[in-house]
Amino acid sequence: MASAANSGLKPKHQRLVLLVIALVVLIAAALLAIWALRNQASYFYVPSEIVADPPSPDRAVRLGGMVEAGSLRTEPDGVTIAFVVQDGEAQVPVRFSGIVPSLFVEGSGVVAEGKMRADGTFVADNLLAKHDENYVPREMQNMTEKQAKQVVAETQ
Amino acid sequence: MHGFANPARFLRIARWLTPACLVAGLVVTLAALAYGLFAAPADRLMGDTVRILFIHVPAAWLGMAGWTTIAGAGVAELVWRHPLAGIAARAAAVPGAAFTAICLATGSIWGRPTWGTWWVWDGRLTSMLVLLFLYFGYIALADATRGEGGGSGRVAAIFGIVGAINVPIINRSVVWWNSLHQPPSITMGKSAIDAAFLWPLLGATVGFSLLFAGVVLARMRAILADIQAEARLRRKAMARAED
């Protein structure tokens, strides 16, 4: 009988075994929940997801990726900007009218909130700048790429 | 660990360790923050707003470390019935909640000029807010189910252990899900933070941790003193009843 086998255990060890079993069950439940949430809990879609499965034009979605270098231009009206968001696999042209956050620059991350038009252009009504994990002093930005890489390598 | 099962022995060590932690923490924190706020360079993109890093990151670390303390103490309470475990857990809850609130507030203030928003419901921000609510729940539950010895009781210990599942979720949220918050800058043995920012950040983290330890020790002493005072009052009341 199980209780007979357990009776050989000290109460302290019995509690430890019970707690370990409870923790294993808890972690398994959490992993299942996280696995089920893996798509819903994402804050934005990346361009390759948007291109593969375009959302309907009346649905508000978020598009996140990198602003392609050299793609940013201002329309003749002076307040509308157009740029391309890419994730290395797909590209989505984006249009936005309004004030951009100060960290919004070419080659940096961006999250655009808006709708995907039927013609394949994403019309954003809000832009959020996404900062990357790199923190670099201002003095280093005027260095050549090679110098900067060397400095970064030294800090790693 | 069971050497500290005797509160008198713990109190003897805590008597000098508490001010030592608080003074050292204050000195290290002030030095690191002074360097970070005045001497560290401005960031390439963010400019001077990068300086909020030196408060935001240590506060986030201690918010999570505080809950890890509660969960660890919960295990010690449930398995070994350690008399100080519940007291340590109760003592760590309020400073942990305070650091979590500081992390959320500084993050929000930092997000406005850099991201362009005070708040978004992405994985990192949401899970950190959940941690703050868990702290509130724990504080209320531990106070309501307080045991004879002044500890947190078994119900609160179980709540602390179950709530700990949120800590790795906070840590991994930026890796598992797309989020506005950037991925971790400091990973196993590597840092994407330049040395000019990294050193004051490490200093502030050590300083904040010492302050946290000092506050937890001071609160544990206060809880133990409360228990002693209560026991003394009870004895007096009983002696009077016998007269």
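Me: Why are helix 1 of chain B and helix 7 of chain B called roughly antiparallel to each other?

Reply: This is a predicted model, so the angle is computed from predicted coordinates. Helix 1 (residues 7-39) and helix 7 (residues 195-242) of chain B pack at about 150 degrees. Angles over 145 count as roughly antiparallel. Helix 1 and helix 7 of chain B therefore get that label. Their axes are 7 Å apart. Helix 1 of chain B passes helix 7 of chain B in a left-handed crossing. The contact has 24 nonpolar, 7 polar and 1 charged residues.

Me: Which residues make the contact of helix 2 of chain B with helix 7 of chain B?

Reply: Helix 2 of chain B supplies, among them, Phe54(B), Val57(B) and Trp61(B). Helix 7 of chain B brings residues including Phe197(B), Leu201(B) and Phe208(B). By class, the contact has 13 nonpolar, 2 polar and no charged residues.

Me: How do you know that strand 5 and strand 6 of chain A pair?

Reply: Count the bridges. Pairing needs at least two. Strand 5 (residues 109-116) and strand 6 of chain A have 8, in the antiparallel sense. Ala112(A) stands opposite Leu127(A) in strand 6. The two strands form a hairpin with 5 residues between them. Gly120(A), in the turn, has a positive phi of about 95 degrees.

Me: What makes strand 4 of chain A a partner of strand 6 of chain A?

Reply: The cut-off is at least two bridges. Strand 4 (residues 91-97) of chain A has 3 to strand 6 of chain A, so they pair. These strands run parallel. Arg95(A) stands opposite Val123(A) in strand 6 of chain A.

Me: How many residues of chain A and chain B are in contact?

Reply: 35 residues of chain A are in contact with 39 residues of chain B. Helix 2 (11-36) and strand 6 (122-130) of chain A each supply at least two residues of the chain A side. Helix 2 of chain A gives the most, with 7 residues. The chain A side divides into 19 nonpolar, 8 polar and 8 charged.

Notes: Residues numbered from 1 in each chain as written. Chains lettered and ligands numbered in written order. Predicted model: local features only at pLDDT ≥ 70, side-chain atom pairs only at ≥ 80, totals over all residues. Contact = placed C-beta atoms within 7 Å. Helix = DSSP H or I, 4+ residues; strand = E, 2+ residues; numbered from the N terminus. Nonpolar A, V, L, I, M, F, W, Y, C, P; charged D, E, K, R; others polar. Axes fitted to C-alpha atoms, helices over the stretch in contact; angles between N-to-C directions. Parallel < 35°, antiparallel > 145°, perpendicular 65-115°, else oblique. Left-handed = near helix turned anticlockwise from the far one by under 90°.
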